[in-house]
Amino acid sequence: MFLHKKTLVMTTLIMSLFVMVQVGNSSKPTGEVKAIIVDSVQIEQDLLFAQINKSFESVKPILENSCYDCHSAMTKEPWYFNLPGINGLIIAHIEDGRRHLDFTDGFPFKSKEPILEILHELKEEVEEGEMPILGYRIFHWGSLIEGEQQDVLFEWISETETALTQFYKKHNIPYKSE
Ligand code: HEC
């Protein structure tokens with residue numbers, strides 16, 4: 001009788017241990033499951049970026065007018081391009097500008113910095129009237145982004161920052177906001 005009870009306890013213990021291991025295993029994603037989870041986050045991000053890229057169309061003309069000459073592949077050669085000494089200077093500016101920030105393929109913009117940081121800088125440069133650079137503004141009256149255009153651009157930046165931050169928080173993706 002005693003022996004029988006002991007066997008029963010042991011069997012129960014082993015069985016529950018087995019169940020625990022099974023449950024433990026099933027709640028921990030295996031390599032394959034993990035890959036699927038990562039894929040779904042990637043897909044969600046692609047969809048979000050596509051959505052943002054679509055909304056970007058509403059502010060694109062503002063940037064095309066003021067920034068694309070140096071921050072995209074869509075550079076219009078200006079009339080003063082062939083003045084002696086100017087040509088090399090402009091090319092250097094364009095190369096430098098594009099290295100920092102490139103709007104050519106829409107959102108997300110190409111840059112060495114994380115997208116939230118670049119959005120923050122974009123706003124800062126326009127807010128402080130630092131961009132377009134002075135030498136460019138002299139030849140391009142009206143290229144400063146001011147007034148209503150500035151409001152539209154800043155609203156788009158703010159909406160985009162909110163959407164991105166929400167996404168990163170939801171998926172515990174580390175991010176820096178500026
Ligand atoms: C004449 C060329 C030119 C034009 C036009 C121009 N930029 Fe720039 N931009 C540059 C250059 C060169 C740099 C890099 C050096 C610097 O920061 O001054 C730069 C840097 C920047 C940076 C900083 C990126 C970083 O990584 O720090 C931002 C943001 C920026 N530009 C935004 C704009 C915006 C917005 C416009 C339009 C309103 C604009 N730029 C128009 C030449 C230009």
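What follows is a short tour of this predicted model, from the overall fold to a few individual residues.

## The overall picture

This is a helical protein: the chain has eight helices and zero strands. Reading from the N terminus, the order of elements is simply α-α-α-α-α-α-α-α.

Buried residues account for 11% of the 178 residues in the chain. Looking at contacts between residues at least 6 apart in sequence, 68% link residues that are at least 24 apart.

## H2, out in the open

Helix H2 covers residues 31–56, and its 26 residues reach 37 Å from the first C-alpha to the last. That is close to the 38 Å you'd expect at 1.5 Å a residue. The number of buried residues in H2 is zero, so this helix lies largely in the open.

Val59 sits in the loop between H2 and helix H3, which spans 60–66. Val59 is classed as partly exposed because 18 other C-beta atoms lie within 10 Å, and a residue needs 20 or more to count as buried.

Leaving out neighbours within four places in sequence, Val59 makes contact with Val152, Leu153 and Trp156.

## H6 and its buried face

H6 has 13 residues and reaches 18 Å between its first and last C-alpha atoms, close to the 18 Å expected at 1.5 Å a residue. Its buried residues are Leu119, Leu122 and Val126. Seen down the axis of H6, these buried residues fall within an arc of 55°, so they line one face of the helix. An α-helix has 3.6 residues a turn, so residues three or four places apart point the same way.

What do the buried residues of H6 pack against? The partner is H8. Take Leu119: setting aside residues up to four places away in sequence, Leu119 touches Ile157, Thr160 and Glu161. After H6 comes Gly129, which has a positive phi near 65°.

## H8, the packing partner

The 24 residues of H8 should span 34 Å at 1.5 Å a residue, and the end C-alpha atoms are 35 Å apart, which agrees. In this helix, Leu153, Thr160 and Leu164 are buried, and the buried residues of H8 pack against H2, H3 and H6.

Past the helix, Asn172 lies in the segment after H8, which runs 147–170. Asn172 has a positive phi of about 50° even though it is not a glycine. Buried or exposed, how does Asn172 count? Asn172 counts as exposed, because it has 7 C-beta neighbours inside 10 Å.

## The nonpolar core

The largest nonpolar core has nine residues: Cys67, Cys70, Phe103, Leu119, Leu122, Val126, Met131, Ile145 and Leu153. H6 is the biggest contributor to this core, with three residues. In soluble globular proteins, nonpolar side chains tend to be buried together.

## Around the ligand

Which residues come nearest to the ligand? Of the 21 residues around the ligand, they are Cys67, Cys70, Gly97, Met131 and Pro132. The elements that give two or more residues to this shell are helix H4 (68–71), helix H5 (86–100) and helix H6 (115–127). By class, the shell holds ten nonpolar, six polar and five charged residues.

The bond joining Met131 and Pro132 is cis, with omega about -5°, and Pro132 is found in the loop between H6 and helix H7 (134–139). Another cis bond joins Phe107 and Pro108, again with omega about -5°. Pro108 is in the loop between H5 and H6.

Last stop: Arg99, in helix H5. Arg99 counts as exposed because it has 12 C-beta neighbours inside 10 Å. The C-alpha atoms of Arg99 and Lys112 are separated by 8.0 Å, and the two residues are 13 apart along the chain.

Note on methods:
Residues are numbered from 1 along each chain as its sequence is written. This is a predicted model: local features need pLDDT of at least 70, side-chain atom pairs count only at pLDDT 80 or more; totals for chains, interfaces and linings use all residues. A residue is near a molecule or strand if its C-beta atom, placed from the backbone, lies within 6 Å of it. Helices (H or I, at least four residues) and strands (E, at least two) are DSSP runs, numbered from the N terminus. Ala, Val, Leu, Ile, Met, Phe, Trp, Tyr, Cys and Pro count as nonpolar, Asp, Glu, Lys and Arg as charged, and the others, Gly among them, as polar. Two residues are in contact if their C-beta atoms, placed from the backbone, lie within 7 Å. A nonpolar core is a set of buried Ala, Val, Leu, Ile, Met, Phe, Trp, Tyr and Cys residues joined through C-beta atoms within 7 Å. The expected span of a helix is 1.5 Å times one less than its number of residues. The arc is that of the directions from the helix axis to the C-beta atoms.
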